[in-house]
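Dear colleague,

I am handing over the structure below, and I would be grateful if you could look through it with the notes that follow.

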Amino acid sequence: MLSFLNALPGAMSQGLIWGIMAIGVYITYKILDIADLTVDGSFCTGGAVFVMLFSGGANVWAAMLAALLAGMLAGLVTGLLNTQCGIPAILAGILTQLGLYSVNMAVMDFKASVAINVTQADTLEKLLVSLRFVQGAIRGDFPLWRHPILVVGLFTVGLIALLYGFFGTELGCALRATGSNGSMARAQGIDTDFCKVLGLMISNGLVDLSGALLCQYNGANEINVGRGAIVIGLAAVIIGQVLFSKLFHNFALKLLAVAIGAILYYIVIQAVLAVGLNPNYLKLLSALVVAVFLSLPYWKGKYFHAKVKTGGASHA
């Protein structure tokens with residue numbers, strides 16, 4: 001129990017970082033109604049671009065901006081394959097993801113892992129987040145405001161505010177209309193192909209931003225860091241939807257629910273590890289968690305409402 005409590009701040013920090021990625025998944029999965037598998041490749045791209053630029057002396061904000069733009073470029077490729085080449089969205093994402101493996105290797109100078117030298121105090125101070133800040137801020141080695149929960153939490157709130165403002169604009173509403181009813185949107189004169197491409201760019205930009213933050217947190221970027229990222233993103237989206245759909249109706253709160261879902265996901269993972277589960281079973285556990293939460297709305301509609309109707313009929 002003590003080990004779980006000690007690991008809890010780290011789990012919450014990672015959950016917040018992955019929550020930004022999950023918000024990107026939410027944009028494609030829930031708003032655009034597209035199953036975008038680019039995520040597994042583009043997540044690593046964000047970390048790869050960041051670690052190479054930052055290690056080369058670039059400013060941390062400039063490196064994160066470059067990671068964001070790299071993600072948007074990946075989303076652009078997927079969008080063009082879908083809208084201009086007629087390739088189904090899920091296959092377009094797979095093709096982009098496949099190509100990004102080679103791109104990521106090239107960006108990382110064909111190394112499977114590239115590390116940031118966090119042992120140097122001046123390098124560590126330049127990072128926004130780091131695993132070393134988790135316990136260090138609590139012990140007093142670093143200022144409390146450097147704790148990843150506070151830093152990434154404020155970062156997430158800022159992103160949600162920006163997205164809330166954007167999706168309230170005419171362009172944002174057009175993007176939401178495209179995902180809600182593409183035929184009706186086209187009848188209203190909306191360029192749905194453009195909206196799909198734009199949505200995929202925004203989504204993968206957020207995914208890469210999350211990858212850049214995780215690279216800072218871990219102090220390194222590995223070529224397989226994004227493997228299974230789509231499962232984690234979907235888990236966060238579904239957990240947030242199932243647990244908070246009755247409470248959160250505002251669009252900004254729905255995005256917040258996704259971030260909370262990512263935190264809860266990592267807390268569950270940490271709890272399971274604390275009781276001694278072999279880490280090699282984590283992928284299986286992740287798949288089971290997503291399957292259960294995806295099934296809950298169906299079970300609720302099939303069994304719970306069926307009982308209500310039956311009970312109402314017998315009462316009549």
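In this predicted model, the largest pocket is lined by 23 residues, and those that lie nearest its centre are Trp 18, Val 225, Ile 232, Tyr 266 and Lys 283. The volume of this pocket comes to about 560 Å³. Divided by class, the lining of the largest pocket holds 13 nonpolar, 7 polar and 3 charged residues.

The second largest pocket has a volume of about 260 Å³. Its lining is made up of 14 residues, of which Leu 68, Leu 159, Leu 162, Leu 163 and Leu 206 are the closest to its centre, and the elements that give two or more residues to this lining are α3 (60-83), α7 (148-166) and α10. By class, the lining of the second largest pocket divides into 13 nonpolar residues, 1 polar residue and no charged ones.

Most residues other than glycine have a negative phi. Asp 33, however, has a positive phi, near 60°, and this residue lies in the loop between α1 and α2 (39-55). Is Asp 33 buried or exposed? Its relative accessibility is 60%, and because the cut-off for exposed is over 50%, Asp 33 counts as exposed.

Phe 110 likewise has a positive value of phi, near 55°, in a residue other than glycine, and its place is the loop between α4 (89-107) and β1 (113-115). With a relative accessibility of 61%, Phe 110 also counts as exposed.

With best regards

Definitions and conventions
Residues numbered from 1 in each chain as written. Predicted model: local features only at pLDDT ≥ 70, side-chain atom pairs only at ≥ 80, totals over all residues. Heavy atoms only, no water. 1 Å grid on protein atoms, 1.4 Å probe; cavity = no way out; pocket = protein on both sides within 12 Å on 5 of 7 lines; lining within 4 Å. Points joined across faces, edges and corners; volume = space filled by probe spheres on them. Nonpolar A, V, L, I, M, F, W, Y, C, P; charged D, E, K, R; others polar. Helix = DSSP H or I, 4+ residues; strand = E, 2+ residues; numbered from the N terminus. Buried < 20%, exposed > 50% of the residue type's maximum accessible area, 1.4 Å probe, protein only.
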